[in-house]
Amino acid sequence: MPSPTAILDAHYMALAVQLARKGQYSTHPNPRVGCVIVRDGEVVGEGWHVRAGEPHAEVHALCQAGERAEGACAYVTLEPCSHHGRTPPCAEALVNAGVSRVVAAMQDPNPQVAGQGLRRLAEAGIEVASGVLEQEARALNPGFLKRMEHGLPFVRAKLAMSLDGRTAMASGESQWITGPAARAAVQRLRARSSVVLTSASSVLADNARMTVRGGELGLDPDTTALALSRPPLRVLIDSRLRLPLTAPLFQAGPVLVVTGAAADPRYAEAGHELLQLPGADGRVDLPALLSALAARGVNEILLEAGAGLVGAFAQLGLIDEYQLFVAGTFLGSQARPLLDWPLAKMSEAPRLKITEMRAVGDDWRVTAIPQPATGV
């Protein structure tokens with residue numbers, strides 16, 4: 001049976017996790033972090049990281065606590081930083097405030113921290129503990145953790161389909177398979193992502209802008225404003241530079257265009273960036289693209305594309321999570337399939353673990369993660 005201290009630690013850490021979630025739309029490329037400061041059984045300070053370059057969660061909580069931070073316990077969802085970046089180290093701020101105990105949900109995998117923050121606290125005579133609600137803390141930052149631990153961003157593929165697994169009519173017509181509630185959920189997925197990644201084929205078919213539409217987020221005004229203040233980078237894979245610069249996608253703001261074709265100065269002249277990553281058969285080198293985006297500090301990618309590009313990512317094992325929106329309709333046998341992924345035998349069929357399924361308006365939202373191949 002958990003001790004009273006363990007029960008209290010879990011309770012206050014849960015509050016810190018809730019605070020960290022407030023930053024889900026705005027902290028990129030930093031992690032989402034929350035902090036609660038407790039003294040004599042009373043919460044005296046709360047804080048969460050809002051934007052990169054601004055004070056971290058611990059600093060906000062310490063400012064709110066003031067002198068009451070002395071002798072208090074600080075609960076933080078990620079190990080306090082120990083290095084000077086755009087802001088001073090939080091470990092030092094906690095030491096200077098005179099807290100007596102610090103509980104971290106998990107150690108920071110950032111090589112610049114990696115246990116040094118907790119070590120600095122312990123050297124100052126502060127009691128430290130970690131591992132409280134670690135699973136919940138890791139779920140806050142799948143992209144930051146993957147980038148720090150593996151040098152790659154977290155790729156989330158969004159797909160909308162009918163009950164018979166089709167995404168568009170044979171003509172390419174696809175608007176709208178799902179209803180307003182599902183589309184609002186997709187907007188929130190875009191808003192939380194560092195990058196929205198699509199293909200020339202998808203943009204040509206839908207005349208898409210791939211922007212975050214504040215009116216469709218379904219969030220309160222303050223959170224909507226925060227989300228719109230840090231829009232995701234829109235990345236277009238266009239191996240042959242087919243999409244004209246007059247397309248709505250380009251008119252909506254700067255785009256990173258990834259291609260295997262020769263450089264074209266018109267893109268830079270129009271305010272866009274061209275990245276050449278040629279792969280086999282004139283296509284873009286997708287693993288190289290993910291490495292390049294991680295090097296730019298990209299944590300989470302929302303892959304919004306058609307059967308071809310999503311199928312290519314899937315075949316290479318580059319998708320970490322599927323967000324499937326299922327509409328209560330049939331599109332028929334001539335309609336386009338969910339993925340372009342030819343499989344000949346059942347033993348080749350990839351397995352997915354469904355982690356969540358819930359109704360979204362009149363549609364269903366299924367969250368699934370790929371499972372390792374069994375070789376059966």
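Visitor: Why is glutamate 92 called partly exposed?

Guide: Its relative accessible area is 28%, and the term covers values between buried (under 20%) and exposed (over 50%), taken with a 1.4 Å probe and protein chains only, so glutamate 92 counts as partly exposed. This is a predicted model, in which local features need pLDDT of at least 70 and side-chain atom pairs pLDDT 80 or more, while totals for chains, interfaces and linings use all residues. Residues are numbered from 1 along each chain as its sequence is written, and side-chain values use heavy atoms, without hydrogens or water.

Visitor: What makes arginine 120 and glutamate 92 a salt bridge?

Guide: The closest N and O atoms of arginine 120 and glutamate 92 are 2.8 Å apart, and a salt bridge requires a side-chain nitrogen of Lys or Arg within 4 Å of a carboxyl oxygen of Asp or Glu, so the pair qualifies. The pair links distant parts of the chain, 28 residues apart, with arginine 120 in helix H4 (residues 116–123) and glutamate 92 in helix H3 (residues 90–97); helices (H or I, at least four residues) and strands (E, at least two) are DSSP runs numbered from the N terminus. Arginine 120 is also partly exposed, at 27% relative accessible area.

Visitor: How do you know that glutamate 300 and arginine 156 are buried?

Guide: Glutamate 300 has a relative accessibility of 2% and arginine 156 has a relative accessible area of 4%, so both fall within the buried class. Their side chains meet in a salt bridge at 3.0 Å, N to O, and the pair joins strand E12 (residues 300–303), which holds glutamate 300, to strand E6 (residues 154–161), which holds arginine 156, across 144 residues of sequence.

Visitor: Why does isoleucine 354 count as exposed?

Guide: Isoleucine 354, in strand E15 (residues 352–360), counts as exposed because its relative accessibility is 51%.
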